[in-house]
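Dear colleague,

I am passing on a structure that I would like you to look through with the notes below beside you. Please open the sequence and the model together before you read on.

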Amino acid sequence: MKKIRVGLIFGGRSGEHEVSLRSARAVVDAMDPKKYTVVPVAINKQGQWLSPAEAAALFPVESQRRLPEEIVSGPRQDVAILGDPSRPGLVALDGGSESSQAKALDVIFPVLHGTYGEDGTIQGLLEMAGVPYVGCGVLASSCGMDKVAMKSLFRDAGLPICKYMWFLRAEWEHDRELISRRVVRQIGFPCFVKPANLGSSVGISKASDRQTLDKAIDLATRYDRKVIVEEGLNAREIECAVIGNDEPEASLPGEYVVYDSQAAFLDYTEKYGSTGHVEFVVPAPLSKRVTARIQSMAKRAFQSIDGAGFARVDFFLRRDNNELLINELNTIPGLTEVSGYPKMWAASGLQFSQVIDRLIELAFERHRDKSRNETSL
Ligand SMILES: Nc1ncnc2c1ncn2[C@@H]1O[C@H](COP(=O)(O)OP(=O)(O)O)[C@@H](O)[C@H]1O
Ligand SMILES: [Mg+2]
């Protein structure tokens, strides 16, 4: 059987660059070398694309051994993906030479978290190139990135969400007093202030009075032109993994169990570091009924944003009244050795290498489905 050539794009310009390196490494380690030829492509923090040889060098030696020799010791030559379907795959940028021919890729797996990766931008490029790719398309990716757009879609689908409001940075700068009064009136304290379009808790803070609110908004407006403010909940944090295209399936839910209640909320270091304060428990200790409800809501959330491939859906289970709310959906969930997405599937009977096989099949399926559409009259 001919091996499938998979372009693995990782790194990226977002604050989640390091997590992406770890996710990509976990993907390389789990992919069956008998089935796949992995062609790594890294994007550095400045947005520059590195050649497969340079990208391979970012992995530890054990992972490099899983990559084809001709890639690891191949030419260190700049490459790009063009938005031209007649030249799919990687194109070397120095022109002329034989090695600058397009290097075919059968499918692309963007393992990029956050801005310029999870937000529809790279998906747009891959659509233009006409190459199958893993995960959500442009619309689902950008809606999954914007916490305000995402909440509107959830609400339209009848999914329960917390109380929130939003405004633009320009409005804040024009009349701070008016905005903070609106927040107090509509949301109250404690509240969570977030840039609408970022991930990994960057720019997010909890406010408990007018003074901390002003500071929280100042912080959030450094990261985005749009700010969302949510009621602060006292809640358990449950997650559920989804896989599929038009008929998605949901895993057993997992839960972040926090041992140190001093932490204001789960931030980046808590989730990806080993602070010892947090443990991801799967399956989450929940009744059968609540588990089934979470799975059904996770699938509906995925469909409400028109998801494809995979996503992780994050929930709040309120401690005061047991109400289940959807917090957010991540269209390229963390895939590291400590991440929830692979752990939830493993506990549901699907090992990570099987998850990857399925994601690649789903990418081809979606591409075939899209190819059926007529684009001209
Ligand atoms: N409305 C809220 N009430 C209570 N805690 C919250 C709320 N919103 C966020 N948090 C806490 O902050 C963390 C990060 O917020 P989240 O909206 O998930 O942003 P990110 O996209 O950065 O993951 C959550 O995992 C949770 O611990
Ligand atoms: Mg989150």
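A residue is called buried when its relative accessible area is under 20%, exposed when that value is over 50%, and partly exposed in between. Please also keep in mind that this is a predicted model.

By that cut-off Cys-240 counts as buried, because its relative accessibility is 0%. Cys-162, with a relative accessibility of 5%, counts as buried too.

How many disulfides does a search of the whole structure find? The search finds 0, and Cys-162, whose nearest cysteine sulfur belongs to Cys-191 and is 11 Å away, is accordingly in no disulfide. A disulfide is a covalent bond between the sulfur atoms of two cysteines, and for a pair to be counted here the two sulfur atoms must be within 2.5 Å. The closest cysteine sulfur to that of Cys-240 is in Cys-136, and because the distance between them is 15 Å, the two are too far apart for a bond.

The other residue I looked at is Arg-66, which is found in the loop between helix H3 (61–64) and helix H4 (69–72). Arg-66 counts as partly exposed, because its relative accessibility is 32%. If neighbours within four places in sequence are left aside, Arg-66 is in contact with Val-28, Asp-29, Ala-30, Met-31 and Pro-33. With Met-31 in particular, Arg-66 is separated by 35 residues in sequence, while their C-alpha atoms are 8.8 Å apart in space, and the side chain of Arg-66 reaches the backbone oxygen of Met-31 at 2.9 Å.

Methods: Residues numbered from 1 in each chain as written. Chains lettered and ligands numbered in written order. Predicted model: local features only at pLDDT ≥ 70, side-chain atom pairs only at ≥ 80, totals over all residues. Heavy atoms only, no water. Buried < 20%, exposed > 50% of the residue type's maximum accessible area, 1.4 Å probe, protein only. Helix = DSSP H or I, 4+ residues; strand = E, 2+ residues; numbered from the N terminus. Contact = heavy atoms within 4.5 Å. Polar contact = N/O pair within 3.5 Å; in protein donor to acceptor, adjacent residues only side chain to side chain.
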